[in-house]
Amino acid sequence: MIRLSNISKSFNHNLALSEITMEFPASKTSVLIGPSGCGKSTLIKIIVGLIKPNRGKIYIDKIEVTSQNIQEFRRKIGYVIQEGGLFPHLTAKENVTLLASYCQWKEQNINQRLEELADLTKISFNLLSSYPAQLSGGQRQRISLMRALMLDPDLLLLDEPLGALDPMIRYNLQTDLDGIFKKLNKTVLMVTHDLAEAKYFGDHIILMNQGKVIQQGKFEHFLLNPAEEFVREFIQAQRGFSTR
Amino acid sequence: MRKRQYTRYFSIYILLVSFFWISIIYSEEDRLIKIGSKKFTESVILGEIATQMGKNISEKVIHIKELGGTRILWNSLLRADIDIYPEYTGTIIQEILAEHHIQGEIELEKTLKSFGIQMSKPLGFNNTYALGMKRDLAEKLDLKNISDLKRYPDLKFGLTNEFLDRGDGWPHLKKHYNLPQDNVRGLDHDLAYRGLESDAIDIIDLYSTDAEIEYYDLKVLSDDQKFFTDYKAVLLYRSDLQKHNPRVLKNILKLEDTINEFIMIEMNGQVKLYGLSEKQVAGEFLKRYFNIVSPIQQDTFLKRLMSTTIDHLILVLISLTAAILISIPLGILSFHHKKAGQIILGITGIFQTIPSLALLVFMIPLLGIGAKPAIFALFLYSLLPIIRNTYSGLSDIPNSIRESSVVLGISTITRLRRIEIPLATRSILAGIKTSAVINIGTATLGALIGAGGYGQPILTGIRLDNTTLILEGAIPAACLALIAQGLFDLLELIIVPKGLRIGSEA
């Protein structure tokens, strides 16, 4: 479980996040949604320590994250970004197993885990010897997910993981991802700008705008009880959802 | 913990590098008797004669020829980088020891002794400075004496660089005779004759023993107001030679009072005008006057090429290896600490702007002459391209990949080793390639301070106006640069990770 307490961040005097306090419940999928520049990606980067907040604290399982223990936490967090962030000079397999080798896993355990994950993410085993440049966008995201899951982390952070994929591939991957989340029962925090995706995944949806949380809860609440005019506009802007 | 590890790696590394340099700087060659000579023909011939004379006693005598000008030779003698070299009394009094205002021979010897240096008796000829011009022009303008030059302020002077700023050179000559000419160019003595021939210049400075005076039928202007003093040729040698190698010294000093003006002019002409080597001419002299037959093996072209190639490769390989070892970590440091980076890139950038010749000469007081100072100067030149390319290779890693690697939670060292450096290899290699090519070219200048290499035939070729000899250095140097380029292209195929090459093909 993650708790954010009073997080503020500004870039060159532009406020990106303003006093964010919230919790992401354990074993649930939370979705951060909002227009570009609302601060959702900044928030997720603050959690993994890529960006230092100006103020505020982060607690993971009730322990405050500090610069001393951040490395330890990072190894318990799986992180997937839009373009996969795969290391282009390493094969798919090397990408996935890099961290396990670093943690001195036995060869046998590594291979066993690799098989499990290939199975889970529906990656055929022979693709693992390919380099990222030889893979399709969808395959890259699946490999990236394998890498994130390798050490069986408690927490999975996904920053627009499907944002760069074309609709068919995206649809398939959404279905598979949902299956994986349900099966693994992990705490998941996903960032998206797509309302349909948020609805599909989100046990808990958090709508942000201009560095603030506007409304959070189940999707239906957003339709039935929009907290302010912005919520109605945001929903309307994504065709196919009607507030009426 | 991670920070500490990083620091530890860094200090181990600094130790290794320091050790590398210390071992280079303090590596001692065998105790040889080294005879130096300046980079003009007469000095090389005298050096060669002294060398062969010494060799008659001991195999340990070597000739380090064409070492540049007076300052370099004198300082090398003081530092014991050389033991003996031919010099001229006027130069010693007017230039080397000018601030001592020496009057008379006894005072001269006393002053030299205070530096641990001794002077032989004169070798037998006087090679004074003079001003000369084409005979027909002199007759047309009716010029006989230096003082006559006052009448023609538009005459163009082409003077050797050393003469231009010597204590007994142009500035004082101009004052002494009250000469009006300001149109004075500095150039190499061997090129001056050609400049005169092509009418690019009207007046040059001469050495009175130059064989070209007769060959080109030049008019030597009379020093009617007695500005130039005597320049008797002598040998300067270190006093400690008397202790270490008295027999060799004694034999070399047999040369005292044996070479008169005519002999010297003839020998200069044999080398400069008729293309004999200094070795041959020196050998001929010793045979004729001392009945010493020294075995002269004229080196074959291939043997010379081998030896210059080895010298050149030593200069390039050591300096480049050291530069790679130091630059890559400095590039990494620059990337991780922007402040330090600015300082590092700034300082190495300054090295790059120092003219190569100047940098080589700056090294002499620190490291003497020979390969060491050349290697160090080349090393300094090779730093910037590698540091800059390491830095930019790391900076160019896309943000998404950098963030993905940070988030893994691995140590900084592992991140560098497994991810950042492999991704920057292409850029780093390109930097090393640039350095290598610059290095190979610049190393030809090393010959000026006795480092050998492809610069040696180029230097001799310029001195003797011998294009074939110049090409003997220039062509291999160009080929070596091309080979280096090819090797690095090949190396790129091996070192740059396969995944990156696939990426760039797609």
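**View 1. An open six-strand sheet in chain A of the predicted model.** The strand order is β6-β7-β8-β3-β9-β10 in chain A. Pairing within this open sheet is mixed. In general, strands of a sheet pair through backbone hydrogen bonds, either parallel or antiparallel.

**View 2. The sheet edges, β6 and β10 of chain A.** Strand β10 of chain A covers residues 212-217. β6 and β10 of chain A each have a single partner strand, so one side of each lacks a neighbour in the sheet. On average, neighbouring strands of this sheet are turned by 15 degrees against each other, direction ignored.

**View 3. The parallel pair β7 and β8 of chain A.** Strand β7 of chain A spans residues 155-159, and strand β8 of chain A spans residues 187-192. Five bridges join the two strands. One residue pair to look for is A:L157 with its bridge partner A:L189, which lies in β8(A).

**View 4. Helix α5 of chain A on the sheet.** This helix runs through residues 137-149 and packs on the sheet. It touches β6 and β7 of chain A. The direction of α5 makes about 165 degrees with that of β6(A).

**View 5. The side of chain A that touches chain B.** Here 21 residues of chain A are in contact with 21 residues of chain B. Three elements of chain A give two or more residues to this side: α2 (70-74), β6 (77-81) and α3 (92-102). α3(A) gives the most, with three residues. By class, the chain A side has 13 nonpolar, five polar and three charged residues.

Note on methods: Residues numbered from 1 in each chain as written. Chains lettered and ligands numbered in written order. Predicted model: local features only at pLDDT ≥ 70, side-chain atom pairs only at ≥ 80, totals over all residues. Contact = placed C-beta atoms within 7 Å. Helix = DSSP H or I, 4+ residues; strand = E, 2+ residues; numbered from the N terminus. Nonpolar A, V, L, I, M, F, W, Y, C, P; charged D, E, K, R; others polar. Pairing = 2+ DSSP bridges. Axes fitted to C-alpha atoms, helices over the stretch in contact; angles between N-to-C directions.
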